[in-house]
Amino acid sequence: MIRPSWDEYFLMLAKFVSMRSTCLAFPVGAVIVKNKQVLATGYNGSPSGTAHCTEQGFCYPELKSCTESKVLPSRAVHAEANAIAQAAKHGIATEGSSIYVTLEPCLNCMKLIISAGITEIYYEKPSNKPEEAVRKSFDELVKVKQISMENSEMFGNERVFRPERKNERAGLTAYF
């Protein structure tokens, strides 16, 4: 077995955390790290105390996924926001930490990450909503780096860890 780099390790943890997501459209996981120690984790899903999309089989009545509507916003709290909220709820400082996310943060999450004092963002997959002009204005405040797991030695010819998660109602299968 090949030992993962620290970046691969924390990104794999974020992928594992994403398996707790209750979002039908994009399961996303986030891990906040400082000095190679996990501070908090988060995944996207409906707010605490509300029905989960995976339990009801839809985000809104008549919609199987939030992405089907151009008008209704996603019901999900983003993984990055949930990780920051978990740290705050438990009195854990995030100043000077890094965050590993399975999907590139949206603009609102990027602003929240910067406001929480997180100085590095590592993500695997690019977002489908790039806001390059605004993002560039944050270059001095936060380091952003994409990590490719596909080209990693960890995932060469031999798959070390690849759990599968099925959501029968939504017809989705998620793989690492």
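The model is predicted, so local features are described only at a pLDDT of at least 70 and side-chain atom pairs only at pLDDT 80 or more, while totals for chains, interfaces and linings use all residues. Residues are numbered from 1 along each chain as its sequence is written, and side-chain values use heavy atoms, with hydrogens and water left out.

Let's begin with the whole protein. It has five helices and seven strands; these are DSSP runs, H or I of at least four residues for helices and E of at least two for strands, numbered from the N terminus. Along the sequence they come in the pattern α-β-β-α-α-β-α-β-α-β-β-β. Of the 176 residues in the protein, 41% are buried, where buried means under 20% relative accessible area, exposed over 50% and partly exposed in between, with a 1.4 Å probe and protein chains only. Among contacts (heavy atoms within 4.5 Å) with a separation of 6 or more, 56% join residues 24 or more positions apart.

Now look at helix H4, residues 107-115, whose buried residues are Leu-107, Cys-109, Met-110 and Ile-113. These four lie on the same side of H4, because they cover an arc of only 160° around the axis, taken from the directions from the helix axis to the C-beta atoms. An α-helix has 3.6 residues a turn, so residues three or four places apart point the same way. On the other side of H4, you will find Asn-108 and Ser-115 exposed. Just after H4, Gly-117 takes a positive phi of about 85°.

H4 has a partner in helix H3, residues 79-89: the two axes come within 9 Å and cross at roughly 25°. Axes here are lines fitted to C-alpha atoms over the stretch in contact, and angles run from 0 to 180 degrees between N-to-C directions. H3 and H4 are therefore roughly parallel to each other, a term for angles under 35 degrees. Where they meet, Glu-80, Ala-81 and Ile-84 in H3 touch Cys-109, Leu-112 and Ile-113 in H4.

Finally, consider the cysteines. How many disulfides does the structure hold? There are zero, a disulfide being a pair of cysteine sulfur atoms within 2.5 Å. For Cys-106, the nearest cysteine sulfur is that of Cys-109, 3.7 Å away, and this is too far for a bond. Cys-109 is buried, with a relative accessible area of 5%, whereas Cys-106 counts as partly exposed at 23%.

Note on methods. Angles under 35 degrees count as roughly parallel, over 145 as roughly antiparallel, 65 to 115 as roughly perpendicular and the rest as oblique.
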